[in-house]
Amino acid sequence: MLLQVGGKRSALGLLAIRRVWKLGIRTVAVYSEQDTGQMHRQKADEAYLIGKGLPPVAAYLHIPDIIKVAKENDVDAIHPGYGFLSERADFAQACVDAGVRFIGPTPDVVRKMGDKVEARSIAISAGVPVVPGTDAPISSLQEAQEFSNSYGFPIIFKAAYGGGGRGMRVVREYEELEENYQRAYSEALAAFGNGALFVEKFIEKPRHIEVQILGDKYGNVIHLYERDCSIQRRHQKVVEIAPATQLDPHLRDRLTADSVNLARQTAGVAAVPLDC
């Protein structure tokens, strides 16, 4: 039996329910008080209320209720959906501790990729090119000043333990440094409960190309090619285009190979040659 997390906000969640239904697997949905009439509840074989008295987002982030539903209904696996708990290492670990399979990376892999500074370090170890940046979260404005002295402007502050465009501030000149440092710290603290920041050299008008990765518990890792996420607002993706247009074939090969090697490095699997 599969439990689907994500509620009405997850089109991928509904897709997962439909796919496993075709395989003859029963499904369980969880829903907040505000989502009692939503489609995901109707499509699943069973549905249970979680986060009673909480607003919708908080309800879908309420790990104890989700694990309780899974254990009381003999759930074999949990699909975390898109967003919400899909990138939370503590949720992946809670599933493991409850004896329920988490459909996604191991808790350790989720934790490593959720820590942007550690993720940079792993990428470097895997031979993946990265833009210049600090090796650890900065602890003072002075460290940001030293970085800007070494690499020049523009630079960007990024939340060390979060994403989604929050806790990110571009600094184009020295006079903007202190104000943006404080703003980025406050945004990161409010959004992720941790204000730690790191600094990178800011690349003007880049193409934001992502590679989709699929791996299994046996150490096999493949890529599903790329998507162009360059159309953004406030550092958040608005449109994703797949495949990326006008992308040099040799660059595509390098991007996809590097992505597979990074995934293998993160999971502790031996890297494969670039020209394989």
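Which helix does Gln-182 lie in? In this predicted model, Gln-182 belongs to helix α9, where the residue is partly exposed, with a relative accessible area of 41%. Gln-182 and Leu-141 are separated by 41 residues in sequence, while their C-alpha atoms are 8.7 Å apart in space. The points below turn to the nonpolar core, the aromatic and charged contacts, the surface patch and the backbone.

**Nonpolar core**

- The largest nonpolar core comprises 22 residues, and those with the most contacts inside it are Leu-3, Val-5, Ile-66, Ile-67, Val-75, Ile-78 and Phe-91.
- Elements that each supply at least two residues of this core are β2 (27-31), α4 (63-72) and α5, and the largest share, five residues, comes from α4.

**Aromatic contacts**

- Three aromatic pairs are found in a search of the whole structure, among them the pair of Phe-91 and Phe-102, which is edge-to-face with 5.9 Å from centre to centre and 85° between the planes.
- This pair links distant parts of the chain, since Phe-91 sits in helix α5 (residues 89-97) and Phe-102 in strand β5 (residues 101-102), eleven residues apart.
- Phe-91 counts as buried because its relative accessibility is 0%, and Phe-102 is likewise buried, with a relative accessible area of 8%.
- Phe-157 and Tyr-181 also form an edge-to-face aromatic pair, with 5.7 Å between the centres and 65° between the planes.
- The second pair likewise links distant parts of the chain, with Phe-157 in strand β6 (residues 155-159) and Tyr-181 in helix α9 (residues 177-192), 24 residues apart; both Phe-157 and Tyr-181 are buried.
- A contact between a charged side chain and a ring is made by Arg-41, which lies over the face of Tyr-31 at 4.3 Å from the ring centre.

**Salt bridges**

- The structure holds 17 salt bridges, and one of them joins the side chains of Arg-120 and Glu-200, with an N to O distance of 2.9 Å.
- Arg-88 and Asp-90 meet through their side chains in a salt bridge of 2.8 Å, N to O; Arg-88 is partly exposed, with a relative accessible area of 30%, and Asp-90 counts as partly exposed at 40% relative accessibility.
- Glu-118 forms a salt bridge with Arg-111, in which the closest N and O atoms are 3.0 Å apart.

**Nonpolar surface patch**

- Ile-231, Val-238, Val-239 and Ile-241 make a nonpolar surface patch of about 320 Å², to which strand β11 (residues 236-241) gives the most, with three residues.
- Val-239 lies in strand β11 and counts as partly exposed because its relative accessibility is 34%.

**Backbone features**

- A cis peptide bond, with omega of about 5°, joins Phe-153 and Pro-154, and Pro-154 lies in the loop between α8 (141-151) and β6.
- The peptide bond from Ala-242 to Pro-243 is also cis, with omega near -5°, and Pro-243 is placed in the loop between β11 and α10 (249-267).
- The loop between β11 and α10 also holds Gln-246, a residue other than glycine whose phi is positive, near 50°, and which counts as exposed because its relative accessibility is 80%.
- Lys-205, which is not a glycine, has a positive phi of about 45°; Lys-205 is found in the loop between β8 and β9 (209-215) and is exposed, with a relative accessible area of 82%.

Definitions and conventions: Residues are numbered from 1 along each chain as its sequence is written. This is a predicted model: local features need pLDDT of at least 70, side-chain atom pairs count only at pLDDT 80 or more; totals for chains, interfaces and linings use all residues. Side-chain values use heavy atoms; hydrogens and water are left out. Rings of Phe, Tyr and Trp (its six-membered ring) pair if their centres lie within 6.5 Å; planes under 30 degrees apart count as stacked, over 60 as edge-to-face and the rest as tilted. Helices (H or I, at least four residues) and strands (E, at least two) are DSSP runs, numbered from the N terminus. Buried means under 20% relative accessible area, exposed over 50%, partly exposed in between (1.4 Å probe, protein chains only). A charge sits over a ring if NZ of Lys or CZ of Arg is within 6 Å of the ring centre and within 35 degrees of the ring normal. Patches are made of residues with over 30% relative accessible area and no salt bridge: like charges are joined within 9 Å, nonpolar side chains (Val, Leu, Ile, Met, Phe, Trp, Tyr) within 5 Å. Accessible areas come from the Shrake-Rupley method with a 1.4 Å probe; for residues, only the protein chains shown count as cover. A salt bridge is a side-chain nitrogen of Lys or Arg within 4 Å of a carboxyl oxygen of Asp or Glu. A nonpolar core is a set of buried Ala, Val, Leu, Ile, Met, Phe, Trp, Tyr and Cys residues joined through side-chain atoms within 4.5 Å.
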